[in-house]
Amino acid sequence: MAFLGLRKWPTPVVKTLWPFMIAGGITTFLIAKAQESGVQSAEWRNDPRNPYAAQLAKKSLH
């Protein structure tokens, strides 16, 4: 008998969803790298809307 939908033995979640977890990690990594390269590009380096403009200006002086 199931108590509140819980079974006697737990359903293996990680075993069935590992490809999606790996793909999610890879996608997150690639989007982060694309964002980082876009923020540091020459077109957006001196844009006042860039939240990292001050850090990039300080980094480029050294």
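**Reading the model**

Mentor: The protein has two helices and zero strands. Please bear in mind throughout that this is a predicted model.

Trainee: How many residues does the protein have, and what percentage of them is buried?

Mentor: Of the 62 residues in the protein, buried residues make up 8%. The protein exposes about 6100 Å², and carbon and sulfur atoms supply 68% of that area.

Trainee: Which residues form the nonpolar patch on the surface?

Mentor: A general point comes first. Residues three or four places apart in an α-helix point the same way, because the helix has 3.6 residues a turn. In this structure, Val13, Val14, Leu17, Phe20 and Met21 form a nonpolar patch on the surface, and together they have about 500 Å² of accessible area.

Trainee: Where does valine 14 lie, and is it buried or exposed?

Mentor: Valine 14 belongs to helix α1, which comprises residues 14–39. Its relative accessible area is 55%, so valine 14 counts as exposed, the cut-off being over 50%.

Trainee: Let us turn to α2. Is leucine 56 buried or exposed, and which residues does it touch?

Mentor: Leucine 56 lies in helix α2, residues 53–61. With a relative accessible area of 7%, leucine 56 is buried, since that term applies under 20%. Leaving aside residues up to four places away in sequence, leucine 56 touches Val39, Gln40, Arg45 and Asn50. Its C-alpha atom is 8.5 Å from that of asparagine 46, a residue ten places away in sequence.

Trainee: Is glutamine 55 buried or exposed?

Mentor: Glutamine 55 also lies in helix α2, but it is exposed, with a relative accessible area of 54%. The C-alpha atoms of glutamine 55 and arginine 45 are separated by 9.9 Å, the two residues being ten apart along the chain.

Trainee: Where is asparagine 50 found, and what does it touch?

Mentor: Asparagine 50 is in the loop between α1 and α2. Its relative accessibility is 8%, so asparagine 50 counts as buried. Beyond residues up to four places away in sequence, asparagine 50 touches Val39, Trp44, Arg45 and Leu56. Asparagine 50 and glutamine 40, ten residues apart in sequence, have C-alpha atoms 9.3 Å apart in space.

Trainee: How many salt bridges does the structure hold, and which side chains meet there?

Mentor: As a general idea, side chains of opposite charge can pair when their charged atoms come close. The structure holds one salt bridge. In it, the side chains of aspartate 47 and arginine 49 meet at 3.0 Å, N to O.

Trainee: Which of the two partners is buried, and which is exposed?

Mentor: Aspartate 47 is buried, with a relative accessible area of 13%, whereas arginine 49 is exposed, with a value of 63%.

Methods: Residues are numbered from 1 along each chain as its sequence is written. This is a predicted model: local features need pLDDT of at least 70, side-chain atom pairs count only at pLDDT 80 or more; totals for chains, interfaces and linings use all residues. Side-chain values use heavy atoms; hydrogens and water are left out. Patches are made of residues with over 30% relative accessible area and no salt bridge: like charges are joined within 9 Å, nonpolar side chains (Val, Leu, Ile, Met, Phe, Trp, Tyr) within 5 Å. Accessible areas come from the Shrake-Rupley method with a 1.4 Å probe; for residues, only the protein chains shown count as cover. A salt bridge is a side-chain nitrogen of Lys or Arg within 4 Å of a carboxyl oxygen of Asp or Glu. Helices (H or I, at least four residues) and strands (E, at least two) are DSSP runs, numbered from the N terminus. Buried means under 20% relative accessible area, exposed over 50%, partly exposed in between (1.4 Å probe, protein chains only). Contact means heavy atoms within 4.5 Å.
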